[in-house]
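Dear colleague,

I am handing over the structure below, and after it you will find my notes on what turned up when I went through it. Please read them with the coordinates open beside you.

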Amino acid sequence: MFDALARQPDDPLLALIGLFRTDARAGKVDLGVGVYRDETGATPIFRAVKAAERRLVETQPTKAYVGPEGNPVFLDHLWTLTTGEAGKGRATAALQTPGGSGALRLAADLMALMGTRRIWLGLPSWPNHAAIFKVAGLEVVGYPFFDVPSQTVLFDRMMEALSGASAGDAVLLHASCHNPTGANLTDDQWRAVSDLIAARGLLPLVDIAYQGYGRGLEEDAAGLRTLLSAVPEALVAVSCSKSFGLYRERTGAIYAACGNAETALSVRSNLASLARTNYSMPPDHGAAVVATILGDAALKADWMAELETMRQRITSIRERLAAGLSARWQVLTAIRAQEGMFSLLPLEEADVMKLRAEHALYMPASGRINIAGLKSAEVDAVIEKFLSL
Ligand code: LMR
């Protein structure tokens, strides 16, 4: 019976973790999967997370089920963090999910259930976006977002493509710190695309997974807030993996901003029933940690301070990479203005494989680099490796 199954290829991004681990060469550098690393190469646990965990160990009264919706305190705090004033008083359906991917999958299942046929996806995007939408039965239509050779956002072409979308189609947007390009929309462009989405009756699904890694906590959510103020309905998928360093705890949420409270109740019931027949209930620990941090002024301030230090470290590495790489690829001065963990270099797959084979420099075939994974001490050597191409 099992032999009816065709073997599936490994996820290329996740496979890189194993390939890097088994490479015995000294001086190997991992620019692959999106995790933050500090100057010692470690992915640290935030101080505030450790403190919240200690508190939970002492005070958590039970491990009984939380229910398909998850932790309501977590959901409230996270909504306020991501949407600020724009989300206040909005009729919202919210569900805690196993990470941002779980949020996207629930969003996709919900859309399929309500008859959404197509979702428009800016290209290039995180490879798992299209995979999640397709497995939920949605048709994925690409729209131009970013031109790699010139390192520019193709905003006019994006608007032209979205003008051809039909009412009821969904549109995926990255809130900030775009994965894989690091390129973001300007405030004016957010206003323009929000107006277009509202005018054409499209349903936006905003993926916010790197809040605090780009220009700052508020700034990284500004586009999402502009959009929320302009549209009657929206889906927002939030990941706490990077912003709280909770990767393996699988902590996220899906929110549906609705036109009224009645609709919100109906959406919530549908999300809950989708969750129930899939994984039943979300894991508790990460959400309990985030709820503890965001509900405590001192822990929140400490978390924000540590996140800001990380953001500044990424920014300074961006500056050095931009200066070094632009000696060979002039367009890569753009790395400085790009934001978040990633940039997408104008490399051929053969270049990527050569760097891996000859220099133990690891990145996915697309040429995406995880800048947040690089130590300052490695930057010059990494630039040299690229310049050797
Ligand atoms: C990435 O793009 O590297 C991260 O979002 C990790 C993942 O799950 O792919």
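In this predicted model, Trp79 and Tyr255 are both buried. They form one of the 5 aromatic pairs that the structure holds. A pair of aromatic rings is described by the distance of the centres and the angle of the planes. For Trp79 and Tyr255 the ring centres are 4.7 Å apart and the planes stand at 35°, so this pair counts as tilted, given that planes under 30 degrees apart would count as stacked and those over 60 as edge-to-face. Because Trp79 belongs to helix H3 and Tyr255 to strand E10, the pair ties together parts of the chain that are 176 residues apart in sequence.

A second pair is made by Tyr210 and Phe342, whose ring centres lie 5.8 Å apart with the planes at 85°, so that this one is edge-to-face. It also links distant parts of the chain, since Tyr210 sits in the loop between E8 and helix H8 (222–230) while Phe342 sits in strand E11 (residues 342–344), 132 residues apart. Tyr210 and Phe342 are each buried. Phe342 has a further neighbour in Arg368, which lies over the face of its ring at 3.7 Å from the ring centre. A charge over a ring is also found at Phe20, where Lys28 lies over the face at 4.5 Å from the ring centre.

Turning to the sheet, what is the order of its strands? The sheet is open, has 7 strands with mixed pairing, and runs in the order E2-E10-E9-E8-E7-E3-E4. Strand E2 (92–97) and strand E4 (139–144) stand at the edges, and because each has a single partner strand, one side of each is left without a neighbour in the sheet. From one strand to the next, the twist averages 20°. Within this sheet, strand E9 (residues 234–239) and strand E10 (residues 252–257) run antiparallel and are joined by 6 bridges, with Ala237 standing opposite Ile254 in E10.

Helix H5 (residues 127–135) lies across strand E3 (118–123), E4, strand E7 (170–174) and E8, and its direction is at about 170° to E3.

Conventions: Residues numbered from 1 in each chain as written. Predicted model: local features only at pLDDT ≥ 70, side-chain atom pairs only at ≥ 80, totals over all residues. Heavy atoms only, no water. Pairing = 2+ DSSP bridges. Helix = DSSP H or I, 4+ residues; strand = E, 2+ residues; numbered from the N terminus. Axes fitted to C-alpha atoms, helices over the stretch in contact; angles between N-to-C directions. Contact = heavy atoms within 4.5 Å. Phe/Tyr/Trp six-rings, centres within 6.5 Å; stacked < 30°, edge-to-face > 60°. Buried < 20%, exposed > 50% of the residue type's maximum accessible area, 1.4 Å probe, protein only. Lys NZ or Arg CZ within 6 Å of the ring centre and 35° of its normal.
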